Amino acid sequence: MSTTAAPGGRFRAGPLLAAAVMTILLLWLFGAVADVLILLFIAILIALYLGAITDFLVARFRMPHQLAFAAALLFSVAVVAGFVWVLVPPIVQQTQSLVRVLPEYITTWETRLEASLARLPGIADTLGSGEHRLLGAAWQQVGIYFENLVPKLVSVLHGAINVFAVIIMSIYLALYPGLYREWLIALFHPLHRDLVRDVLHDLGDTLRHWIVGQLLAMTILAALTAVGLYLLGVPYWLTFGVFTGVVAIVPFFGTLVSTLLPALFVLDGPAGGTQALLVILLGVVIHLLESNLVAPLIMARNVKLPPVLTIVAVLIFGKLLGITGLLVAVPALAALMVVVRRILINRIYEGQGFRQRARDRMLVLRLPAARGGVLVPAGPPPDILSLGPLTGADAAASRLPA
């Protein structure tokens, strides 16, 4: 029966108009609270990371869940504190040295650029020379950034509040995942709750594999890059190594920046272009090893994202949400792929239908479980149509006492 046609054949615009208004309101609400939803998504990622370590400790050492969670939290804090204690002082020292010499490098780059453009007829006359455009643009951006100091301080305070909120939300989500999961499932129609539960289970597994794999891949990438740059005699090798590991969270674009940036700082060295070429070759080899060997071994088959979709997702999220969008583009794409596969492909395109009636499904026993799973018999699904009413000897045998 059509939802837009009355019994007499007349067109009813009320339901269609209400659906359009609700869609517009939901889109407006999503745009208004997009920043908050991104923070919630980051908190969910951190909670999944803590939950993965907690489950590992529970399964491996038979620890109580609360104690395992406390150990996971203390371990994470200890890792961050150790990172700050060991790596931050030399990174800060090298970064300060880099900032001091950066104007000289920019002037040298501009001189070489002008020399290269001078060989092209007409371009040098159009652009002019000796105006220090790169250096002027850099200082102009710095001046714009520090022009309004009070709003910047307010934004820093706002960022600190957001970080604190994300940490608190992630702790509560990791401590009581079943509470929030069941409340979310309860918002859906009873016919769809099993589907929602299965989708949430797949989302959790996929994002957990992505988080653990991404952290390990970033660590390996940073270590290999730092060692390689040190062996090639690149200045500020530790800063560039850590920078390479951090920007690896943005695929392709982070790789490009982290490979070309160290090469610019060796152009004026004794080897010049040869050393820069070696630095670029090092970056290419390390990233090829990371993308074709390290990442597949870590993530296995649980997280497979097409490269083109990954690039498009990074561009779209970066355009809509800025820097924060770049951080969550890949996990958001992984989550979207799970939803598309489980609902759009498996339920709609393969003929099962989104509305599956309870009488068409086998009765299964759902027991309280940490992951909210369903106990189903092994093997292929039974043929429900063959399970008709018993007749004759079968019916008499079914009435015999056990």
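Keep in mind that the model is predicted.

**The cores**

Let's start on the inside. The largest nonpolar core has 33 residues. Phe 41, Leu 45, Trp 210 and Ile 211 are the ones with the most contacts inside this core. H2 gives the largest share, with 11 residues.

Leaving aside residues up to four places away in sequence, Leu 45 touches Leu 207, Trp 210, Ile 211 and Pro 331. There is also a second, separate core, made of 10 residues, and Val 234, Tyr 236, Ala 263 and Phe 265 are among them. As background, nonpolar side chains in soluble globular proteins tend to be buried together.

The table sets out two pairs.

| Helix pair | Axis distance | Angle | Handedness of crossing |
|---|---|---|---|
| H7 (177–186) and H8 | within 9 Å | roughly 140° | right-handed |
| H9 (237–247) and H10 (253–264) | 8 Å | about 165° | right-handed |

Take H7 and H8 to begin with. Their axes cross at roughly 140°, so H7 counts as oblique to H8. On the H7 side, the contact is made by Arg 181, Glu 182, Leu 184, Ile 185 and Ala 186, while H8 brings Arg 193, Val 196, Arg 197 and Leu 200. Sorted by class, this contact has 5 nonpolar and 4 charged residues, and no polar ones.

What about H9 and H10? These helices pack at about 165°. Angles over 145 degrees count as roughly antiparallel, so that is the label for H9 against H10. H9 makes the contact through Phe 240, Phe 243, Thr 244 and Val 247, and H10 through Gly 254, Val 257, Ser 258, Leu 261 and Pro 262. By class, the contact of H9 with H10 has 6 nonpolar and 3 polar residues, with no charged ones.

**A loop residue to look at**

Finally, hop over to the loop between H2 and H3, where you will find Arg 62. Its phi is near 55°, a positive value in a residue other than glycine. Is Arg 62 buried or exposed? Arg 62 is exposed, because its relative accessible area is 71%, and the cut-off for exposed is over 50%.

Note on methods
Residues are numbered from 1 along each chain as its sequence is written. This is a predicted model: local features need pLDDT of at least 70, side-chain atom pairs count only at pLDDT 80 or more; totals for chains, interfaces and linings use all residues. Side-chain values use heavy atoms; hydrogens and water are left out. A nonpolar core is a set of buried Ala, Val, Leu, Ile, Met, Phe, Trp, Tyr and Cys residues joined through side-chain atoms within 4.5 Å. Buried means under 20% relative accessible area, exposed over 50%, partly exposed in between (1.4 Å probe, protein chains only). Helices (H or I, at least four residues) and strands (E, at least two) are DSSP runs, numbered from the N terminus. Contact means heavy atoms within 4.5 Å. Axes are lines fitted to C-alpha atoms, for helices over the stretch in contact, and angles run from 0 to 180 degrees between N-to-C directions. Angles under 35 degrees count as roughly parallel, over 145 as roughly antiparallel, 65 to 115 as roughly perpendicular and the rest as oblique. A crossing is left-handed if the near helix is turned anticlockwise from the far one by less than a right angle, and right-handed if clockwise. Ala, Val, Leu, Ile, Met, Phe, Trp, Tyr, Cys and Pro count as nonpolar, Asp, Glu, Lys and Arg as charged, and the others, Gly among them, as polar.
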